Amino acid sequence: MSTRQEKILLTGPTGFIGGRLLHALDDAGYSVRCLVRISETLTIKGAPLKQKPGIVYADLLEPDTLSQAMEGMDVAYYLVHSMGGRSIRETMAFAERDRRAATNFLRAAEQAGVKRIIYLGGLGETGNKLSEHLASRQEVARILQSGRVKTTALRAAVIIGAGGASFELVRYLAERLPVMMCPRWINTLSQPIAVQNVIAYLVGCLDRPETAGLTLDVGGPDIVSYADLMRIYTRVRGLRRFLFTVPVLTPRLSAYWINFITPVPAGIVFPLVEGMKNEVICRENRIRELIPVKLMGMEEAICTALVETEKGPGKLPSQQACFLRR
Ligand SMILES: NC(=O)c1ccc[n+]([C@@H]2O[C@H](COP(=O)([O-])OP(=O)(O)OC[C@H]3O[C@@H](n4cnc5c(N)ncnc54)[C@H](OP(=O)(O)O)[C@@H]3O)[C@@H](O)[C@H]2O)c1
């Protein structure tokens, strides 16, 4: 059992996963310091950042800002990626930025004597056919695990929850298009997981010291294609939709098209769509014994996300997910 004495540094608290994890760690009684990039306008849990205690302003791409953030911390969560921007061009160098961010983070953690890093990255097998996004998520895991700090790397496929980039893609497409032209890889298999289950695993790692240093796959109980995911969504919502595949739809073309239909920027859509070529299925399930949680099936996960969506902006930690800022 954790003593709840550990001091925790949380990166990405303005993001989809980090925002929810902040609430969960708070509820579990942990003392959390949030690392955020400078912003006058962002809020966490309804309060302006500058008025909240436990905030440290830093940027993983600015190594000089990190020592203060890491000082006195026992555990550091790494919930950051560098994809984004309104165009594919803006997101192009994300892998290089993520390489630098992970290297800076590890170095600062080592210098500060941080005992554990917990990272949430992506599933997908290694090899030269892996998309740049998935390869980059694995590279970040390798960098973080190459140092003296014991790093737990959780690997997930699509995470279902209101405000999550992948879920919002499915939601907007299904809601707006009665007929959908889909790329061939809409039939690729994936093992999505509900965000509530991911958060339970991320918190659970703290209570389970034996997870330190391990790489663990996390997935829900259902293995489905992206087309199945869309069908489950439309069934749950009672929508009548037609999906058909078009052989010529490249990831770039799909990204621009999806960007036109949904508020998710091309800089996020392109790497995600490119990653849909790769099967993302758990290769092992040790986490289920280490941290038993009741896993949600896809229908339940989607229903839960829809209920959260209904609550409207302002009530969810994920409201600040970058694509919802537009
Ligand atoms: N969402 C999914 O479906 C999914 C699936 C599998 C794995 N994951 C993993 O989960 C983790 C979190 O993803 P997410 O979906 O929560 O992403 P997100 O909502 O886009 O949030 C990303 C966070 O990273 C922060 N950030 C980016 N660059 C930074 C930098 N240089 N310095 C400090 N902070 C920086 C952002 O801060 P700003 O607010 O300042 O931009 C934001 O808080 C990632 O490692 C991702 O690979 C997510």
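Which helix holds both glutamate 168 and arginine 171, and how many residues apart do they lie? Both lie in helix 6 (residues 165–176), three residues apart, about one turn of the helix. Helices (H or I, at least four residues) and strands (E, at least two) are DSSP runs, numbered from the N terminus.

This is a predicted model, in which local features need pLDDT of at least 70 and side-chain atom pairs count only at pLDDT 80 or more, while totals for chains, interfaces and linings use all residues. Residues are numbered from 1 along each chain as its sequence is written, and side-chain values use heavy atoms, with hydrogens and water left out.

- Strand 6 spans residues 75–78 and is covered on both faces.
- Val75 and Tyr77 are buried on one side, Ala76 and Tyr78 on the other. Buried means under 20% relative accessible area, exposed over 50%, and partly exposed in between (1.4 Å probe, protein chains only).
- Strand 1 (residues 7–11) pairs with strand 6 in the parallel sense, over three bridges. Two strands pair if DSSP finds at least two bridges between them.
- Across from leucine 10 stands tyrosine 77 of strand 6.
- Strand 7 (residues 116–122) also pairs with strand 6 in the parallel sense, over four bridges.
- Here tyrosine 78 stands opposite tyrosine 119 in strand 7.

**Salt bridges: the count**

- Side chains of opposite charge can pair when their charged atoms come close.
- A salt bridge is a side-chain nitrogen of Lys or Arg within 4 Å of a carboxyl oxygen of Asp or Glu.
- By this rule the model has 15 salt bridges.

**A pair within helix 6**

- Glutamate 168 and arginine 171 form a salt bridge, at 2.8 Å from N to O.
- Both residues are buried.

**A pair between helices 8 and 12**

- Arginine 235 forms a salt bridge with glutamate 299, with the closest N and O atoms 2.7 Å apart.
- This pair links distant parts of the chain: arginine 235 is in helix 8 (residues 226–237), glutamate 299 is in helix 12 (residues 298–311), and 64 residues separate them.
- Arginine 235 is exposed, at 54% relative accessible area.
- Glutamate 299 counts as partly exposed, because its relative accessibility is 41%.

**A network of shared partners**

- Arginine 283 and glutamate 279 form a salt bridge, with the closest N and O atoms 3.8 Å apart.
- Glutamate 279 has 38% relative accessibility, so it counts as partly exposed.
- Through salt bridges that share partners, Glu125, Arg155, Asp217, Glu279 and Arg283 join into one network.
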